[in-house]
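Visitor: Hi! Could you walk me through this one?
Guide: Happy to. Let's take a look together.

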Amino acid sequence: MTHQPTSNASPRAEAPKAAPPRPIVRARSPLIETRSVCKNYGAFRALEDVSIAVREGEFVSIVGPNGAGKTTLVNLLTGLLVPTKGEVYFKGRNIAGVCPVTLATQGMARTFQLVQIFPELTVAETIATAVITRQGKRWRLLSPLPQDAQIATRVAEIAGMFGLSSRLATLSRLLSQGEKKLLDVASAFALDPQLILLDEPTSGVSTAEKHAVMTTLVGAARAAGVQAIILVEHDMDLVAAYSHRIIALSEGRVLADLPPEEFFADPVIIETVVGKRRGVSC
Amino acid sequence: MKQGSALLLVAIAAGALALVPILAPPFYANLLVPFYGYAIALLGFNLLFGYTGLLSFGHALFLGLGAYTAAVLAGLWGIKEFEVVLLAAALVGLLLALPLGWLAVRYRGIFFGMLTLAYGMLAHAVLFKFYHLTGGDSGMRVPRMHLLGLEFAAYNKIELLAGPFYYYCLTLCALAALLMWRIVRSPFGLHLRSLRDNAQKAEYLGVRAHQFRLAAFAISGIYGAVGGTILGFRTGLADPELVYWTHSGHLVFMTVLGGFSSLLGPVIGALALTLLQDQLQSLTQYWRLVLGAILALVVIFLPRGLAGLAFDVGRLHGRRSASSTANTTETA
């Protein structure tokens with residue numbers, strides 16, 4: 001589908017709160033890509049012939065109305081679902097049906113739309129869970145965790161990036177909703193991933209705090225050396241402000257795959273994605 | 001409760017237990033020997049339940065396995081060294097736990113519980129029906145064995161149990177608790193707890209759910225078999241009732257009574273139930289009814305068990321002490 005850029009973009013989208021960071025590197029081969037992926041749930045086709053690619057240095061947002069197939073696509077990209085047809089490649093390897101643990105060790109991390117924590121673990125323990133994986137210490141049955149300086153140092157670094165340093169000894173279930181969200185993401189970052197998929201990282205966070213959360217995430221991603229970020233987000237202000245590229249899905253197909261300036265200049269896409277002139281945020 | 005205070009309490013409790021054979025009649029020391037067997041088994045059981053989130057309704061299988069291993073090695077093969085029997089029981093526990101666990105840990109919640117219950121029932125049926133191999137309902141005799149190479153020939157059975165064997169079991173229990181303490185505080189232990197809390201999230205953080213649950217199952221199997229060996233030595237018998245589902249329920253009862261959210265909760269539960277059961281049996285023939293009512297009350301009013309209660313009392317006492325110190329300072 002071809003879309004002609006126009007100047008009829010939403011006022012909110014035209015004035016993002018922060019300038020979108022430019023891609024650092026344009027690598028030759030994609031970090032992750034789907035090739036003609038289809039996914040059926042019984043007779044219902046959730047995704048049809050979806051081919052996308054995300055390269056090193058990119059911040060790519062996936063948008064679309066409810067039921068467009070965004071979560072299905074993310075679940076395919078992270079191995080939670082197996083495509084009915086087509087392939088998913090991460091760093092050149094077909095990962096269709098590969099378990100999350102393997103993906104985590106290969107450099108992929110994800111967060112979920114609904115906040116995922118370990119209620120009875122402290123903030124430090126939650127982050128340490130990922131750090132242990134990263135440092136390959138998971139089978140140490142008898143070495144005392146509190147005395148492992150390497151793990152403690154890395155946990156403190158990660159907590160510092162996300163402003164959780166003062167909450168290290170707090171049980172996760174006692175954190176505020178915003179802190180839980182940050183912890184969820186922080187634990188994913190603790191894997192030192194090359195690619196991170198953020199499924200609505202600001203859902204449940206107040207509008208005033210959304211940009212602060214995103215700024216923290218992007219800053220942490222840079223500090224942690226994350227090579228690419230895929231964001232699933234409904235808030236078009238955030239999408240406009242942070243993305244290098246926006247992929248719009250509609251009824252299971254790729255409607256557009258454009259840079260923000262072209263994306264928001266197209267009224268047809270905007271209308272399909274966010275509805276007819278009701279404001280850009282949905 | 002701070003770690004230092006907890007360690008002090010554990011040291012005091014261990015010291016008090018060490019004085020039982022000296023200060024109390026042999027009856028009480030003899031009564032406490034099975035407590036040590038249960039305590040060791042429950043340390044392993046709670047790694048599976050309290051730390052990994054898998055509730056087994058067939059864990060008595062491993063206690064029976066330990067007792068039958070002792071019966072075969074000491075009774076049939078004439079191996080008299082208890083340490084060799086213990087090691088063999090641990091190995092047999094591990095070897096059986098691996099295939100059983102490999103299948104069972106694919107499931108969670110009620111499905112895991114039912115599958116482990118089925119294991120226990122199958123084991124009971126085998127032990128009960130294969131009379132020529134297992135002695136059927138009569139079981140197999142577990143003869144006396146040497147402890148640390150010493151025969152203790154001058155001691156009768158009661159003296160042996162209430163003396164050398166008591167201290168042997170106390171030491172073994174302390175070592176088992178120390179080892180488990182290291183395990184639950186290790187990176188491995190943290191990964192188990194992450195699986196208990198949120199398995200999907202844990203897997204996305206690189207925690208290998210199946211492997212870790214299987215490892216926990218195997219360790220709990222080893223602890224169960226070691227505990228069962230002590231029970232077999234004490235009664236001198238390995239019989240099918242050891243693996244019956246009501247015995248598995250007994251383990252769950254002890255764990256809930258003591259509290260499964262802490263390392264030593266189930267040990268406290270084992271001690272409390274051993275003493276309580278003895279007292280109730282001497283008071284009334286309806287002791288099972290009373291035990292059932294107590295369990296119901298514990299679940300309703302003390303969901304964290306006796307260990308949780310002790311923790312709360314300790315914390316309250318700490319706060320009151322701090323408050324009274326502050327008041328004294330203000331007054332001064």
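**Strands and neighbours**

Guide: Let's start with one residue: A:Phe59 stands opposite A:Ile229, which lies in β8 of chain A. Keep in mind that this is a predicted model.

Visitor: Okay! Which strands pair there, and in what sense?
Guide: Strand β3 (residues 59-63) and strand β8 (residues 228-232), both of chain A, pair in the parallel sense, over four bridges.

Visitor: And what's the strand order in the sheet?
Guide: In chain A the order is β6-β7-β8-β3-β9-β10. That is an open sheet of six strands, and the pairing is mixed.

Visitor: Which strands stand at the edges?
Guide: Those are β6 (108-111) and β10 (253-258) of chain A. Each has a single partner strand, so one side of each is left without a neighbour in the sheet.

Visitor: How much are neighbouring strands turned against each other?
Guide: By 15° on average, direction ignored.

Visitor: Which helix packs on the sheet?
Guide: Helix α6 (residues 177-189) of chain A does, touching β6 and β7 (195-199) of chain A. The direction of α6 makes about 175° with that of β6(A).

Visitor: New topic: how many residues are in contact between chains A and B?
Guide: 30 residues of chain A are in contact with 21 residues of chain B.

Visitor: Which element of chain A gives the largest share of that side?
Guide: α4(A), with six residues. The elements giving two or more residues are α3 (100-106), β6 and α4 (123-134) of chain A.

Visitor: And how do the residues on chain A's side divide?
Guide: Into 18 nonpolar, six polar and six charged.

Note on methods
Residues numbered from 1 in each chain as written. Chains lettered and ligands numbered in written order. Predicted model: local features only at pLDDT ≥ 70, side-chain atom pairs only at ≥ 80, totals over all residues. Pairing = 2+ DSSP bridges. Axes fitted to C-alpha atoms, helices over the stretch in contact; angles between N-to-C directions. Contact = placed C-beta atoms within 7 Å. Nonpolar A, V, L, I, M, F, W, Y, C, P; charged D, E, K, R; others polar.
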